[in-house]
Structure formats: structure tokens, C-alpha cells
Amino acid sequence: PENGISRAYYEKAADGSENSEGEAHRKFLVDIRNSVAATAPEIAAKRTVDAGMERLREKRKDKAPTPSVEANTAAPLSHLQTTVSNWILGSVDVPAVVEDLFYRGEFAMAYGAPAGGKTLVALDLTLSIALGLKNWAGYEISEGGQVVYVSGEGNRGLKLRIRAWLKAHVGGDMRSALGQLDGKFLPFDKAVQFLNDQEWSDFIDELNATPDLNPTVIVFDTLSRCIAGQNENSAEDMSKVVGRLEQLARDTGALVLLVHHSGKSGSGPRGSTAFAGALDVMFSVTQSDTGQILVEFEKIKDGEMPTDALAFKIERVPLGADKKGKPITSAIAQFEQPQKGMLSPSLMAMVRALGAKGSGVEITDKEWRQLCQKPGTGGRFSKDIKDLVKRGILAPDTTRREHRYLLAPAGWRLLENLGAV
């Protein structure tokens, strides 16, 4: 209308008028129609996802406890807080799942090498929560509850590991032990494709359709299985994954735990760095020279990180025999009190590399950074240096413009005890 072209003229053009202007407008309208037709399924899928997430939020509200008198009970019309005093003085308590480590509504990641014990640790954590045990790895479990475990790494292995864990921790008749998990530990027996709108929507719908579901933890094991055929190095794609998992944590109030693989150097999660800033909690799972599984926290957004790695031993649990009489076993991770001052594999590799330089040999800050970038030594320079200095293993000389480091006596004793010198 602003160009003085009437609706009748557009209709005439769309009908295929022979004049040049009419033909141009007809093509224009056809292009619009084709564009709408092409994007309609994507738009519909997005609307379905949005509707599903809204139902999750409403479902959580129905189960939410009555707000305390300290909370700001006057619900604002928008997210803009016009009465800042009420907002700031309102309750800031977030329910802990595992005291000092994990809280409801958080987004966490466990990463490590293939077959390095990631799933064993994730299962030990979540089965302890599902059964309402009192502690995990020496930390109090504040809130037991339902666990949704999305299994993408093979259901047979998961079944055997759960049976092995129950035999070690519960004992007795296996069917009776498994019965204790009914309604508490809920396996989702296929990988959910994060970047497929329809699959994500179906997953949300299934959560909504499950009666009395109020999960404390939701696990996705692993990222690579949940983005099959996609590029985990793509910042754009992984940012979309981050957005969906953060929203899932917010809308369900559950701790969302993503299990992922480490990079080639073992110094961090594989792929895009889009996760680094978004995660509330991140920890690595590695195996020491002695075969122990070590859990080392690298990020706890709003709390203090443990100074020592949590140590687990791998135990093989017999589960009977198959039809041919061949023994069936499976592995579990059993927490054990770590030796004080135990080092993670990445730190140990750095100590060995520095020890190879010889007694009394100093290396510069630049040389140390280069050393950290070599395969097998890790690359978390600042954190690793502070950790080794704090433990008295590394002696820094900060009086010079360029810092220098050498192995302290405690570091040499550690290498001697390991027979490395």
C-alpha cells in the first residue's frame, strides 16, 4: 500500500499477468510462499519445544514448596526487579544435592578419556543419590531423589554396571535390590539428539508425560552420542546445546550432568570452548599410574574446590555366568580415602618432566609453559603451578622479572618414592 499498489494488483500479478511488473511480483510472491513452506516444519518444531519447556516449568511449580516468609512473594510482571531491596534480601538458598559440590538447577560436566571411568563415577554418584545414601566420596548427600539417566553408550554395559553396583552396595536378592530403584533411577535408553528439534521436543514431552516425575539429577552420557553426525568444534552448534541444557536445568530445577570426552592432550574437554563459561561445575576423571580413578574438580562456580583429587578404586564384581557358563563380571568405582597430597596424572607428568631436567635446574616461566603444552603434560598452566607450589612440590623464584621454577625437596622425595629417579 505504501507504494500505491493495490491488493487487486497483487492478486492479478500472482495469477500470472503477462506484464513485466506483474511477472516480477508473481515471482516475489512465489518466493515468499516457498520460503514459508520450507521453514514451516522448523518453526513448528521450535513451537513444540517451547510449549514442552513451558509445561515442565508449570509441572515444577506444582511441586514447589510454599515460599518462605523471607522470600519476595510478590511476583513481578516481568524479569525487571523494580523493588531491588526485596529481590536482594529474598531467599538465596539453593538446595544442595551433594553439599559443597553440586546444587539443584546447576549445569555440570564430567570429562575424561574413553574407558577412563567417567560412567563409573557418574553411576556411583547418581545411584547414591537415587537410593538416598548419606554421603558420596566423603561429602554429604543433602537431597536424595529421582535420577533420569540418558544412556547413549550402550545399554548392555549400563545394565551390568548397575547390577554390579547394587550387589556391592545393597546386596541380597538382585530383583529385590533392583526394586529399590523403581521410580527413583529412570534410564532413558537412547541418546537424545540435542540439535534435532523434534527429538528434543519428544524428550521434553516424555518428561512431561511421566507421572510424579521431579528429577534431582538428569544425566546425558555422552555428549558425542547426543550430537551424532554434528561438529562438536562448532561454537554455534555447541552454544545451542548449552542453551538447551541450561534451560532444562532452570525449568526442572535438576542438576544437569553432561558426560564428555577429553581432548587429545587430556588437558580439557574435547571440542568447542562454548561450555567453559557456561558450566557451574566441571571435573576431570582420569586414571593414575596405580590404576586408581581420580576425580579432580576444575570449576565450582560458587564454592570452594577440593584441594585434593577424590580417589576411587576399580573393582570387578562377579555377576554369575552366561548360558555357555562363561563368567559375567562388571566394574564399579569404589571411593577410597586418598593419600594426602596425591597428584592427578597431569600434575604427576609435569613433576616427572621437571625432574628429568636434573636437580637444581631452574626453568623460566616461558619454558614451563612450553613444557605444559607437550602431549601428556596438560595445559592448565596457572592452576597447575599454584597447586604444585601450594603442595610444596615446586619452588618458585618470583624475584626476577621472568619467574623461574625448580623442583623442591618434596618433589624429589615424591619421585624417589615412585622409583622415578
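Start with two strands. Select E8 (residues 217–221) and E9 (residues 255–261): they pair in the parallel sense over five bridges. The model you are viewing is predicted.

Now pick single residues along this pair. Ile218 stands opposite Val256 in E9. Phe220 has Leu258 of E9 as its bridge partner.

**The other side of the tour's first pair**

Click on Met109: its bridge partner in E9 is Leu258.

How many of its seven residues are buried? Seven of the seven are, so E9 is largely enclosed by the rest of the structure. Show the side chains. Leu255, Leu257, Val259 and His261 point one way. Val256, Leu258 and His260 point the other way. In a regular strand the side chains alternate between the two faces of the sheet.

**The whole sheet**

Zoom out. E8, E9 and E3 belong to an open sheet of nine strands with mixed pairing. Its order is E7-E6-E8-E9-E3-E10-E11-E12-E13. Which strands stand at the edges? Select E7 (185–188) and E13 (327–336): each has a single partner strand, so one side of each is left without a neighbour in the sheet. Neighbouring strands here are turned by 25° against each other on average, direction ignored.

**A helix on the sheet**

Next, select H5 (residues 155–169). This helix packs on the sheet and touches E6 (147–151), E7, E12 (310–321) and E13. The direction of H5 makes about 60° with that of E13.

H4 and H5 pack at an angle of about 55°, with their axes 11 Å apart. That angle makes H4 oblique to H5. The crossing is right-handed. To see where the helices meet, show the side chains of H4 residues including Leu120, Leu123 and Leu127, and of H5 residues including Leu158, Ile162 and Trp165. Asp124 in H4 and Arg161 in H5 are also among the residues where the two helices meet.

**Last stop: Glu298**

Return to the sheet and select E11 (residues 293–300), where Glu298 has its place. Is Glu298 buried or exposed? Its relative accessibility is 13%, so Glu298 counts as buried, the cut-off being under 20%. Now show its side-chain partners. A polar contact of 2.5 Å joins the side chains of Glu298 and Tyr111. The side chain of Glu298 makes another polar contact, with the side chain of Ser284, at 3.5 Å.

Conventions
Residues are numbered from 1 along each chain as its sequence is written. This is a predicted model: local features need pLDDT of at least 70, side-chain atom pairs count only at pLDDT 80 or more; totals for chains, interfaces and linings use all residues. Side-chain values use heavy atoms; hydrogens and water are left out. Two strands pair if DSSP finds at least two bridges between them. Helices (H or I, at least four residues) and strands (E, at least two) are DSSP runs, numbered from the N terminus. Axes are lines fitted to C-alpha atoms, for helices over the stretch in contact, and angles run from 0 to 180 degrees between N-to-C directions. Contact means heavy atoms within 4.5 Å. Buried means under 20% relative accessible area, exposed over 50%, partly exposed in between (1.4 Å probe, protein chains only). A polar contact is a pair of N or O atoms within 3.5 Å; within protein, one must be able to donate a hydrogen and the other to accept it, and residues adjacent in sequence count only if both atoms are side-chain atoms. Angles under 35 degrees count as roughly parallel, over 145 as roughly antiparallel, 65 to 115 as roughly perpendicular and the rest as oblique. A crossing is left-handed if the near helix is turned anticlockwise from the far one by less than a right angle, and right-handed if clockwise.
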